[in-house]
Amino acid sequence: SKTEPEPEQEQEPESKSANPAVIFKTIAISDTTTRFYNGKTDVENVLHIASLDKHELPDGLLHTQINGDLNKRLVEATVTMGPYANLARGKDINFTIDGHFGELKIDGSGLVDDLLNLRQPVFDIDLEGPNANEITAMLGIENLGEGGFSLRAKGAPVNGVFKADLNGKVGGISLGVTAQASEIARFYELDLEVSINGPSLGSFTRVFGLQNWPDKPFSLTGQAERVGETLNVHDFILNIGGTKLLLDALMTEFPTLDASRIKLTISGDEVEQFHELIGIKGLATGPFNIVGKLDATPEGLELLQVKLDTSLGHVTISGPLGDAPDYIGSKLDLHIDGENANSVMAGFGIDLLPEGSFNLNARVEVVDGGLRVERGVLVTIEDERLELGGFVAFAAGSKGTSVDMKISGKHFAEMIRRHVGDNELPDSPYLLSGQINVQEEGIRLENMEFEYEGITLG
């Protein structure tokens, strides 16, 4: 292969926002293989260039022709871009593209007004193919369902406002997006409308590197308007199988939540499908309903209120939020009324409480790297009591967690019977206390002490 830069390149005045760049008028490459990842998946992509030729045409446009294969699918494409003088300045660059990538045909043209600071470009691009599965396989991304591949993207300024839309189908996924903005680079004035539906939300999100969303049919519709720092999201509806999410939000200091008013409602028939997404498995099952609100006080304090109904019981969370982006300093009150104390605490590795009604009250504060439990008390209907306090880490596997624990009850023999079976121990009060530390090598129990029948072991 060979690369031949033009001996004397035109020198254009350097833009204040641009860095110096080298632009080649002539390039010739042959029999070259490049391996790369798309940044979202672990799939290796292999591009083989049989030949690539780039040269300047008499009108100043740079003409590029490539032949080869991508992941063993034929690639043939012709691209023109320029004129060269405009390309050197990074402004008012015309382009056309015509080619095949496997079964995918690309045909498009446009004008880039400012390469480093897009404001109001013009483009009209069509992508067509008979088999979406073949095209996604070529691109090394998730299968998006049976059917053809057809997308069209158009954008242009209209009466001083940039307007764009994207419409089409990719396998089983249909999408339509329309937007208009004062200029693309800033989005300070934006109107957006979105409609997407398909057979599997998980397959769709994994294309963008987002894991653990359910593999269920989905539909998404919504509208958003932005003027300056004010973002208004309304009628945002996401359906996932039998689950419906509805979001309305008015954010006056976007992208922060300062002085925001947000309402989020989620209801569905199968909370289990979200266990992996939220990182907690084996707790609530079956139908659920969540209502969350964020309101701002006249003093500018953001107050969070969440109500959650699941098989675990009724949960409320309320309190003021700290400052974005980490919300350190948030102080939240947690209250749970439930029917099965054992199922709640077993999810956190504590399998000592009965399968009976309970209530839990706790106060937590968001601190650097985790949560500080300032006060946590769980009381069962049989007067067994669990008290927790300490630090719960956000790190993977909760490493760094250090929590003081105290479990007490009036009937030790009954508690042992639930876990071991019948016994002849005195059914007397008991107290177990200590510290739970989660370390790299596992869970470590320290300072454990047991009081029972006038005897203290520790």
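In the predicted model, Thr205 lies within helix H3, which comprises residues 201-206. The relative accessibility of Thr205 is 7%; because burial is assigned under 20%, this residue is classed as buried. The side chain of Thr205 extends to the backbone oxygen of Gly202, at a distance of 3.1 Å. When residues up to four places away in sequence are set aside, the contacts of Thr205 are with Leu210 and Trp213. The separation between Thr205 and Asp215 amounts to 10 residues in sequence, and their C-alpha atoms are 9.8 Å apart in space.

Asp215 also figures in the surroundings of Ser200. Ser200 is located in the loop between strand S12 (189-198) and H3. With a relative accessible area of 13%, Ser200 falls under the 20% limit and is therefore buried. Two polar contacts of the Ser200 side chain were identified in the model. One, at 3.1 Å, is formed with the side chain of Ser203; in the other, the side chain of Asp215 is the partner, at 3.0 Å. Apart from residues up to four places away in sequence, Ser200 touches Asp215, Lys216, Pro217 and Phe218.

Taken together, the computed values place Thr205 in H3 and Ser200 in the loop between S12 and H3, with Thr205 buried at 7% and Ser200 buried at 13%.

Conventions. Residues numbered from 1 in each chain as written. Predicted model: local features only at pLDDT ≥ 70, side-chain atom pairs only at ≥ 80, totals over all residues. Heavy atoms only, no water. Helix = DSSP H or I, 4+ residues; strand = E, 2+ residues; numbered from the N terminus. Buried < 20%, exposed > 50% of the residue type's maximum accessible area, 1.4 Å probe, protein only. Contact = heavy atoms within 4.5 Å. Polar contact = N/O pair within 3.5 Å; in protein donor to acceptor, adjacent residues only side chain to side chain.
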